[in-house]
Amino acid sequence: MTHGGQTLADRVAQLHEWIGTGQARQLRVAAGLSQAAAGHDCEVAASTVHRWEVGNRLPRGRNIVAYHRFLSRLIEHGGRGHAQ
């Protein structure tokens, strides 16, 4: 299954890279967004976003798509402004 030219496996690999390098957190912080705002966008708790950002947990299921979409929007907007 693809969305926007990327398979789920592509998204998982990209998320692992973004999380592992700290880019996921850097994108959110550069956009001026809190973990709570990211969680709201992804429909999870702020504590879940924290665990993703520090690598304690990785998104699973629909959260892979939601978090990847969130971070991709931040990249599209140059890391500035709200992701929605």
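**Exercise 1. Find out which side chains meet in a salt bridge at 3.9 Å, and where they sit.**

*Step 1.* Start with the rule: a salt bridge is a side-chain nitrogen of Lys or Arg within 4 Å of a carboxyl oxygen of Asp or Glu. Side chains of opposite charge can pair when their charged atoms come close.

*Step 2.* The pair is Glu 43 and Arg 62, whose side chains meet in a salt bridge at 3.9 Å, N to O.

*Step 3.* Now place the two partners. Glu 43 is in the loop between H3 and H4, while Arg 62 is in helix H5, and the two are 19 residues apart. Helices (H or I, at least four residues) and strands (E, at least two) are DSSP runs, numbered from the N terminus.

*Step 4.* Check how open each residue is. Buried means under 20% relative accessible area, exposed over 50%, and partly exposed in between (1.4 Å probe, protein chains only). Glu 43 has 62% relative accessibility, so it counts as exposed. Arg 62, with a relative accessible area of 48%, is partly exposed.

A word on the model before you go on: this is a predicted model, where local features need pLDDT of at least 70 and side-chain atom pairs count only at pLDDT 80 or more, while totals for chains, interfaces and linings use all residues. Residues are numbered from 1 along each chain as its sequence is written, and side-chain values use heavy atoms, with hydrogens and water left out.

**Exercise 2. Work out which parts of the chain the salt bridge of Glu 53 and Arg 28 ties together.**

*Step 1.* Look at the distance: the closest N and O atoms of Glu 53 and Arg 28 are 2.6 Å apart, and the two form a salt bridge.

*Step 2.* Glu 53 lies in helix H4 (residues 46-54) and Arg 28 in helix H2 (residues 23-30), so the pair ties together parts that are 25 residues apart in sequence.

*Step 3.* Both partners are buried; for Arg 28 the relative accessible area is 6%.

*Step 4.* List the neighbours of Arg 28, where contact means heavy atoms within 4.5 Å. Leaving out residues up to four places away in sequence, Arg 28 touches Leu 33, Ser 34, Gln 35, Ala 38, Glu 53 and Leu 74.

**Exercise 3. Count the salt bridges and the elements of the protein.**

*Step 1.* By the salt-bridge rule, the count comes to 3.

*Step 2.* The secondary structure comes to 5 helices and 2 strands, running β-β-α-α-α-α-α from the N terminus on.

Technical notes: Contact means heavy atoms within 4.5 Å.
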